[in-house]
Amino acid sequence: MKTDSAIIAAFTPTGRLRASINLGNPILAGCDHQGNATGISVDLAHAFADRLGVPLDLVVLESAGRSVETVSGEKADIGFFAIDPMRAAEIAFTAAYIHIEGAYLVREESVIDSLEAVDQQGVRVTVGKGSAYDLFLSREFKRAEITRALTSPTVVETFLSENTDVAAGVRQQLEADALKHPGLRLIPGSFMTIRQAMGVPRSRGSRALGYLAEFVEEMKKSGFIQDAMNKHGIKGAIVAPHTGPQAEL
């Protein structure tokens, strides 16, 4: 992996690497007791800045939608996203570095007991606005109605307050929320695999994307991703397979 002045310039038009950090996905990032961003995406951002030999600024945001807007608008130079074709118009993605399950949560008394039973007439499903599963389910649903919470961490709160039928989200977030609210259960199985990747504005060019893609593959192959998951106590997600230095188109 050759780091030259052109690569550094492509990632640091301000002279610093600006990394968008999405707090809406607890698998990727959160805040410590002092309010500082921490997590796998933060570790990767620091490692990439070190690779480039440049200072790092974290652009910490509350939702995936805002993170996408920030990188698309070039107010950040890299970000950490679920791969989705709607986002790919402005953001170029590496291959995935982590796979996460998308799951459904319902009330104990709900008659909905399978993945197939969700997409039915009259069923209202709450998602995090602009999240990967919002984009996915908006394409996939034929009958169910989607309602949107402002952020992914507020999905269950919105599901309860608005009395919708199903909450959709990252399995680990839903499991944690179910422990806080008795009388809720997860539906067995997952409705999608969320492929988490790094992304860069498409305007930065194919060479920048190739460099970032190679970095991600090296982080997977070296054990960095698995070590970060262990360090942050992440359960239920898996390191994505090593694919070689290729990127999503």
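Is the crossing of helix 2 and helix 7 right-handed or left-handed? Keep that in mind while you look around; note that this is a predicted model.

1. The domain assignment divides the protein chain into domain 1, made of 5-99 plus 195-239, and domain 2, covering 100-192.

2. Now see how domain 1 and domain 2 touch. On the domain 1 side 20 residues take part, and they are in contact with 16 residues of domain 2.

3. There's also a record to compare with. An unreviewed UniProt entry annotates residues 16-236 as "domain: Solute-binding protein family 3/N-terminal". Over residues 16-236, the chain is 33% helix and 28% strand, and the C-alpha atoms at the ends sit 34 Å apart.

4. Next, back to our two helices. Helix 2 spans residues 40-52 and helix 7 spans residues 206-222; their axes come within 12 Å and cross at roughly 120°. Because of that angle, helix 2 counts as oblique to helix 7. And here's the reply to the opening question: the crossing is right-handed.

5. Finally, zoom in on who meets whom. Helix 2 brings Leu 44, Ala 47, Phe 48, Arg 51 and Leu 52, while helix 7 brings Tyr 211, Leu 212, Phe 215, Glu 218 and Met 219. Sorted by class, this contact has eight nonpolar residues, two charged ones and no polar ones.

Methods. Residues are numbered from 1 along each chain as its sequence is written. This is a predicted model: local features need pLDDT of at least 70, side-chain atom pairs count only at pLDDT 80 or more; totals for chains, interfaces and linings use all residues. Side-chain values use heavy atoms; hydrogens and water are left out. UniProt positions are given in the numbering used here, feature names are shortened, and annotations may be inferred rather than shown by experiment. Helices (H or I, at least four residues) and strands (E, at least two) are DSSP runs, numbered from the N terminus. Axes are lines fitted to C-alpha atoms, for helices over the stretch in contact, and angles run from 0 to 180 degrees between N-to-C directions. Angles under 35 degrees count as roughly parallel, over 145 as roughly antiparallel, 65 to 115 as roughly perpendicular and the rest as oblique. A crossing is left-handed if the near helix is turned anticlockwise from the far one by less than a right angle, and right-handed if clockwise. Contact means heavy atoms within 4.5 Å. Ala, Val, Leu, Ile, Met, Phe, Trp, Tyr, Cys and Pro count as nonpolar, Asp, Glu, Lys and Arg as charged, and the others, Gly among them, as polar. Domain bounds come from an automatic or database domain assignment.
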